[in-house]
Amino acid sequence: MQGKHQLVIILDFGGQYAQLIARRTRELGVYSEIWSHQTKAGTIQDAGPLAVIFSGGPNSVYADHAPAVDEAIFGLGIPILGICYGMQLMAHALGGEVAPAVSLGQREYGRADITVTQQSGIFRGLPDRFPVWMSHGDSVITLPPQFVNAAHTDNTAVAAMYSDSLKLVGTQFHPEVTHGAYGSDMLKNFLFDIAAASGDWGMQSFIAEATEAIKLKVGQSEVICGLSGGVDSAVAAVLVHRAVGQNLTSVFVDHGMMRKGEAEQVIKTFRDQLGMKLVHVDAGDRFLAKLAGITDPEQKRKLIGTEFIRVFEEQSVIKSAAKFLVQGTLYPDVIESGTATAATIKTHHNVGGLPKDMRFELLEPLRQLFKDEVRAIGRQLGLPDTVVERHPFPGPGLAVRIMGEITPNKLALLREADHIVREEVTRAGLHKEIWQCFAVLPGVRSVGVMGDERTYAEVVAVRAVASVDAMTADWYRMPHEVLDAISRRIVNEVKGVNRVVYDITSKPPSTIEWE
């Protein structure tokens with residue numbers, strides 16, 4: 001939703017950090033969009049971007065069928081920043097040479113210290129030596145004409161390159177990743193010094209522009225919103241309500257897999273406190289019947305996504321012939337569900353899990369935003385902290401936190417264990433530090449001893465992660481006394497559990513949710 005803002009186009013070559021580049025540029029007040037690397041130069045020129053950024057990617061520029069770019073882009077006079085594969089592609093296309101780093105003993109993964117030799121351009125005002133984040137198997141070994149070598153590491157001769165006359169910059173490292181130093185400063189130097197950005201993007205302008213865009217698209221049509229109670233669907237609902245007023249009816253489908261007390265809280269917040277038109281549908285038995293005997297996580301997600309739409313369709317028949325369906329889809333949902341340049345990690349029920357014969361036209365005002373941007377919008381729209389600061393909760397609910405078949409008994413057990421986890425984290429004052437915390441039922445039993453008798457009962461896993469955007473996450477270093485309280489309470493208060501374990505895996509290689 002660009003409006004009249006300056007635009008940065010990020011060409012995606014399949015890199016795991018492409019979406020982080022977009023997020024970092026927006027944090028600096030510059031609007032960005034991620035486009036396919038196959039986009040033609042003429043299309044880019046017509047869009048009038050102030051700059052283009054090439055993302056990283058897993059390929060080698062000299063390999064067969066490697067992702068390429070329309071080389072006419074280099075002749076448009078638009079500043080370009082190439083990151084990792086993007087730098088290698090730039091060098092390769094403009095007459096430089098790229099070679100496998102393994103043959104040179106120069107592969108680098110993780111932290112590395114760069115030495116800056118040209119303290120201008122993106123390095124203006126920065127130290128001459130600092131740590132960056134590397135992840136590459138190839139290296140630029142010969143610079144293209146008109147380029148200078150701007151930085152190096154002990155293992156990589158060309159860690160950054162720059163052509164002042166062409167306004168082209170390349171970095172072998174990833175300035176968008178927070179593990180390195182001065183990443184934001186380097187991006188700021190590129191955007192504001194080299195590309196002459198004005199920084200005219202922000203959440204206040206997004207709200208105004210999104211409201212007008214929704215009005216234009218919807219007109220006088222009836223709109224129905226799938227409201228889960230989470231921050232994403234809540235912000236989407238309030239934003240659409242701002243645009244269409246009483247033409248919006250929010251439908252809260254209680255699929256029977258919500259957390260303890262959550263259904264009641266959703267009704268109280270949106271119907272009583274915010275005064276929104278809300279239809280509450282108790283469909284727990286219906287969803288459980290659909291999930292009976294299903295153990296595959298992808299099948300669970302798709303079944304739940306399809307059943308959600310069927311419930312919405314029935315509700316729209318009751319109230320009116322609604323044309324639009326509002327969803328709180330975010331950009332990470334789209335990426336993980338698979339794109340032209342990103343592999344499918346897991347299908348989100350609101351993206352790849354939707355039925356092909358759905359008769360609604362989707363209205364997804366947050367589709368290009370990240371979670372922190374959505375929270376900022378929620379605060380500006382006046383949503384209560386209980387909604388804005390709510391930890392992310394997947395659309396399929398506890399169904400993707402129970403490994404194997406979903407049953408009422410498993411749901412009841414997990415609901416109580418999960419409530420204890422969240423209660424103890426809140427009691428310890430850690431809620432805002434942690435991105436997400438919850439309990440998982442892995443479907444594993446273990447031997448224990450309780451009351452001098454042998455038990456053979458369920459294992460509960462506890463998951464807590466720290467993150468800023470959910471695209472990457474680190475396991476949270478929970479204080480031992482909090483873990484102790486969680487473990488003792490679950491074993492003592494939740495019948496059928498005799499062991500509690502803590503998940504200490506980051507994303508990647510894991511995802512935040514277990515399914």
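1. The largest nonpolar core of this predicted model contains 115 residues. Those with the most contacts inside this core are L11, F54, F206, M257, L366, M478 and I490. Helix 6, which covers residues 231–244, gives the most to the core, with 10 residues. In soluble globular proteins, nonpolar side chains tend to be buried together.

2. I490 illustrates how such a residue is surrounded. Leaving aside residues up to four places away in sequence, I490 touches A417, I420, V421, V460, V497 and V500.

3. Helix 5 deserves attention next. This helix runs over residues 203–218 and has 16 residues. From its first C-alpha to its last, helix 5 reaches 22 Å, close to the 22 Å expected at 1.5 Å a residue. Helix 5 is followed by G219, whose phi is positive, near 65°.

4. Which residues of helix 5 are buried? They are M203, S205, F206, I207, A210, T211, I214 and V218. An α-helix has 3.6 residues a turn, so residues three or four places apart point the same way. Among the elements that cover the buried residues of helix 5 are helix 6, helix 11 (371–380), strand 12 (223–226), strand 15 (324–326) and strand 16 (361–363).

5. The protein chain has an average pLDDT of 88, and 92% of the residues score at least 70.

Methods. Residues are numbered from 1 along each chain as its sequence is written. This is a predicted model: local features need pLDDT of at least 70, side-chain atom pairs count only at pLDDT 80 or more; totals for chains, interfaces and linings use all residues. Side-chain values use heavy atoms; hydrogens and water are left out. A nonpolar core is a set of buried Ala, Val, Leu, Ile, Met, Phe, Trp, Tyr and Cys residues joined through side-chain atoms within 4.5 Å. Buried means under 20% relative accessible area, exposed over 50%, partly exposed in between (1.4 Å probe, protein chains only). Helices (H or I, at least four residues) and strands (E, at least two) are DSSP runs, numbered from the N terminus. Contact means heavy atoms within 4.5 Å. The expected span of a helix is 1.5 Å times one less than its number of residues. pLDDT is the predictor's confidence in each residue, from 0 to 100.
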